[in-house]
Amino acid sequence: MRLHRADIAPWDVQSVRGALVTSPLRTAIDIARHAPVDDAVAVIDGFLRARKFTPTALLGAAARAKGPGRLRIQVVAALIDPFSGSVLESLTRTLLWREGLPKPVTQLRIRDKSTQWIGRVDFAWPDRRVVLECDGYAYHSSQQQYQRDRRRWSSLSAAGWRPGIVTWFDVTRNPNYVVRLVSDLLELGALENTNGKRVAS
């Protein structure tokens, strides 16, 4: 347990069931100031999913921040994604950023005209025809869901996309594997485009 002290404006405090606590936005700024970047992004993405505040409000508060940790706050604010669907996605996105990999499009909806398949993927690099999915145990609670996901990836491959899948274990215990996987997929996608074997759409 670590104690941090700071001056708090009246509008940064609210009452919850009779207890005075910092507002969600002030809490997010404090987390961004003191927590590791990966953790801060994951927590604040969760605030955004819960609609505790808007991305614009966070960016504004980050721009007004002063004192120690100001640059860290601004880095975190630049990395947040209101479309992030889970903690695993947040950690994966931050890992890719930290390793200098190209920024993906998040939650891209893909439609394949030949098969009429429509789906949404966690991360995509459309110019390379590469997609990456963060696969968590919680989303495979039934055989039907598992089967749908497997067919989904087969449909992506048939439509000319190069899919990759990472798990919680991969991202948190073996990040080098994730970096190599994404790097290899992007390199292959770029090579195919250069050789004229396919054209991104």
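Modeller: First, a term: two strands pair if DSSP finds at least two bridges between them. Strands themselves are DSSP runs of E, at least two residues long, and helices are runs of H or I of at least four, all numbered from the N terminus. This is a predicted model, so local features need pLDDT of at least 70 and side-chain atom pairs 80 or more, while totals for chains, interfaces and linings use all residues. Numbering starts from 1 along each chain as its sequence is written, and side-chain values use heavy atoms, with hydrogens and water left out.

Let's take Glu133, which belongs to strand S5 (residues 130-135). S5 pairs with strand S6 (residues 162-167) in the parallel sense, over six bridges, and Cys134 has Val166 as its bridge partner in S6.

Now for burial (under 20% relative accessible area; over 50% is exposed, in between is partly exposed; 1.4 Å probe, protein chains only). Glu133 counts as buried because its relative accessibility is 11%. Six of the six residues in S5 are buried. In a regular strand, side chains alternate between the two faces of the sheet. Here Val130, Leu132 and Cys134 lie on one side of S5, with Val131, Glu133 and Asp135 on the other, and both faces are covered.

As for neighbours, leaving out residues up to four places away in sequence, Glu133 is in contact (heavy atoms within 4.5 Å) with Val121, Asp122, Arg152, Trp153, Gly164, Ile165 and Val166.
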